[in-house]
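Here is a friendly set of notes for a first look at this structure. Please keep the view open while reading and find each residue as it comes up.

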Amino acid sequence: MRSKIKMLCLVLTAMFVAQCTGDFNDINVNPSGFTSDEVSGKFFLTQPQFQLYAPNRFPYWRAHLIHADRYAGQVTFGFRGCWWNDGLGYSYNSAYTDASWGWLSGYIGGLDNFMRLVERGGEFENEYMYAMGQIMRGLYFQMYTDAFGMIPYTEAVNRDITLPKYDEQSTIYAGLISELNEAMTTIGDADRTGANVDDVGENDLYYGGDLQKWKKLANTLKLRIAMRALGAPGADFANAAISEALAAPLLESDSDNALLEKDIEISQWGSAAYGDVYYNFGRGSDWKMSKIMIDLLRDNNDPRLDAYADPAPGGTVTIETPDGTEAELHQKRLDFMLQELESAGVELDVTTDGTTTTITMAEDTYFVGQPVRLNGETQPYAAYEFFSKPDEWVIRRKNSGDIFPEIIMTTAEAYFLRAEAAVRGLGSDDAQEMYSEGIRQAMKIWNIGDADIEVYLANSPMATLDGDMDAQLEKIATQRWIAAFTDGFEAWAIVRDTGYPTSLANGVDDNDLYSPGDINGKYPQRLRYGNQALNTNGNNVSTAIGVQGPDQQDTKLWWAK
């Protein structure tokens with residue numbers, strides 16, 4: 001990916017020079033410049049692709065990790081030695097929210113530039129590249145609106161409008177489905193975007209220029225959008241879109257997964273990875289796996305456990321009785337932590353000498369997840385040694401080996417969506433078959449062997465759809481959530497949309513142990529708008545708030561009400 005980014009920089013420089021003369025063709029006057037058979041819109045595709053899922057460290061840390069990944073409930077801060085308790089983000093933080101807003105609201109410029117170059121009449125006109133751009137718009141706007149709610153869409157890239165209106169989510173969802181339909185029609189039976197320099201090839205970081213895979217991606221995204229809209233007020237388009245999507249090719253095999261390979265050499269200021277945060281600041285910036293995730297994997301003999309996480313470091317830990325009023329809650333917090341460890345099957349040796357409690361557990365033996373949203377007073381009891389961290393494949397430092405790719409969309413999700421549709425009486429798929437294949441595909445991404453997959457499918461209660469409709473939908477949603485590990489934005493949306501896992505969706509209510517934030521312990525439903533929007537487009541933001549509800553993190557989005 002690094003070489004493609006370097007080429008992009010060269011082409012961007014050439015484009016700047018051309019624009020200064022008023023005509024891109026002037027480049028060809030210089031014999032040392034680019035010739036017509038060396039330039040293509042494909043050189044402008046790479047950056048929008050990686051910037052959406054692996055931007056530089058500033059938004060990657062703040063938008064992805066601090067907000068989406070943690071709201072998804074799959075990882076957590078707040079252990080002893082961490083810079084923050086796990087209430088971070090549940091109480092509004094303008095700096096971190098503004099960073100998230102600034103990245104997402106500003107992203108569209110690069111993608112729009114690419115689309116203008118390849119649109120009809122553009123410098124590098126190519127209808128197939130334009131269709132790819134439309135599908136990327138679908139990925140982007142769905143992520144953007146599901147994070148904030150009402151956002152600029154219909155006027156977002158109109159250069160004659162400096163203060164775009166904020167569209168209702170029903171308008172955005174219907175519009176995205178229309179754009180995806182148009183893109184799929186354009187692609188038709190085509191396999192490539194062109195020949196020679198007009199073939200996007202390796203500049204397409206998702207599919208290497210395979211248009212039929214792009215078409216499947218578009219249809220699967222259409223199904224996701226329509227299924228999320230199903231039942232929401234004014235979502236009259238949902239049922240028809242679901243039927244259309246189920247009748248057309250969807251992501252089907254492991255070769256159809258849309259994954260962004262991580263560049264292990266590029267600077268963190270070009271494109272970040274988790275390791276750029278985990279290993280660059282010492283223990284204070286680390287994070288742990290959540291109790292909910294580890295419990296679901298460990299207690300159901302899920303073979304992904306070893307792939308997702310490492311055993312807790314273990315060893316000997318001392319906990320001191322605090323002074324002052326906090327001493328009254330010492331035993332409650334100590335008992336809580338001991339119960340969490342014992343419920344995970346940990347054998348403990350616990351002794352108390354005066355105000356010092358010593359806890360010893362075996363090293364590198366037990367998989368233990370940390371409870372989410374622990375407050376600052378409970379943090380000293382949540383020793384680093386007690387809990388599992390993400391597997392090294394997820395958080396590996398750059399230049400030290402392979403790193404797990406960014407998830408764009410997976411074949412597993414396609415099957416889980418088909419299973420949900422079948423349970424709801426939509427389409428003709430067999431729900432259990434779709435569900436089983438979804439699990440199989442989800443495990444393959446993490447290199448789980450076929451034998452281990454089949455053992456899980458044959459023996460785990462989580463592998464069988466049984467009970468009433470609600471029980472079946474809960475299992476499907478939970479497996480989708482597990483499969484979305486490292487894709488925090490989508491995992492967070494799954495919880496808000498389905499209400500599962502319930503222990504996340506229900507929020508927290510014991511303020512002695514957990515951080516209620518400024519949303520009274522409720523589960524976060526959205527991010528607040530950035531101050532940039534309030535300061536520059538305040539009237540349109542105010543109109544959106546009047547329609548959507550208060551600009552607070554517990555205001556439910558259109559499809560979650």
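The numbered points below go from the whole chain down to single residues.

1. **What kind of model this is.** This is a predicted model, in which local features need pLDDT of at least 70 and side-chain atom pairs count only at pLDDT 80 or more, while totals for chains, interfaces and linings use all residues. Residues are numbered from 1 along each chain as its sequence is written, and side-chain values use heavy atoms, with hydrogens and water left out.

2. **Confidence.** pLDDT is the predictor's confidence in each residue, from 0 to 100. Its mean over the chain is 94, and 94% of the residues reach 70 or more. Please take care with residues 3-32, where the pLDDT is below 50; beyond near neighbours in sequence, this stretch has 36 contacts in the model (a contact means heavy atoms within 4.5 Å). Where pLDDT is low, the predicted coordinates should not be read in detail.

3. **Overall build.** The chain has 21 helices and seven strands; these are DSSP runs, numbered from the N terminus, with helices (H or I) of at least four residues and strands (E) of at least two. The radius of gyration is 24 Å, close to the 24 Å that the globule rule gives for 561 residues, so the chain is as compact as a globular protein of that length. That radius is taken over C-alpha atoms, and the globule rule is 2.2 Å times the number of residues to the power 0.38. The C-alpha trace spans about 85 × 50 × 50 Å along its principal axes.

4. Of the 561 residues, 60% are buried; buried means under 20% relative accessible area, exposed over 50%, and partly exposed in between (1.4 Å probe, protein chains only). The accessible surface of the chain comes to about 21,600 Å², with 46% of it belonging to carbon and sulfur atoms. These areas come from the Shrake-Rupley method with a 1.4 Å probe, and for residues only the protein chains shown count as cover. Among contacts between residues at least 6 apart in sequence, 74% join residues at least 24 apart.

5. **Salt bridges.** The structure holds 34 salt bridges, each a side-chain nitrogen of Lys or Arg within 4 Å of a carboxyl oxygen of Asp or Glu. Take Arg-159 and Asp-112, whose closest N and O atoms are 3.8 Å apart. Arg-159 lies in the loop between helix H5 (127-148) and helix H6 (169-187) and Asp-112 in helix H4 (residues 94-118), so the pair ties together parts 47 residues apart in sequence. Arg-159 is exposed, at 55% relative accessibility, whereas Asp-112 is buried at 11%.

6. **Buried charged pairs.** In the bridge between Glu-406 and Lys-262, the closest N and O atoms are 2.8 Å apart. Glu-406 belongs to strand E7 (residues 406-409) and Lys-262 to the loop between strand E2 (258-260) and helix H9 (275-278), so parts 144 residues apart in sequence are tied together. Both residues are buried. Asp-302 and Arg-304 form a salt bridge at 2.7 Å between the closest N and O atoms, and each of these two is buried. Shared partners also join residues into one network, including Asp-146, Arg-224, Glu-413 and Arg-480.

7. **Aromatic pairs.** Rings of Phe, Tyr and Trp (its six-membered ring) pair if their centres lie within 6.5 Å; planes under 30 degrees apart count as stacked, over 60 as edge-to-face and the rest as tilted. By this rule there are 39 aromatic pairs. Trp-101 and Tyr-166 are stacked, at 6.4 Å centre to centre with 5 degrees between the planes. This pair links Trp-101 in helix H4 with Tyr-166 in the loop between H5 and H6, 65 residues apart. Both Trp-101 and Tyr-166 are buried, and they belong to a cluster of ring pairs that includes Tyr-107, Tyr-140 and Tyr-529.

8. **A loop residue to look at.** Where does Arg-192 sit? Its place is in the loop between H6 and helix H7 (211-229). At 33% relative accessibility, Arg-192 counts as partly exposed. The C-alpha atoms of Arg-192 and Leu-211 are separated by 5.7 Å, although the two are 19 residues apart along the chain. Leaving aside neighbours within four places in sequence, Arg-192 has contacts that include Tyr-128, Asp-199 and Asp-210.
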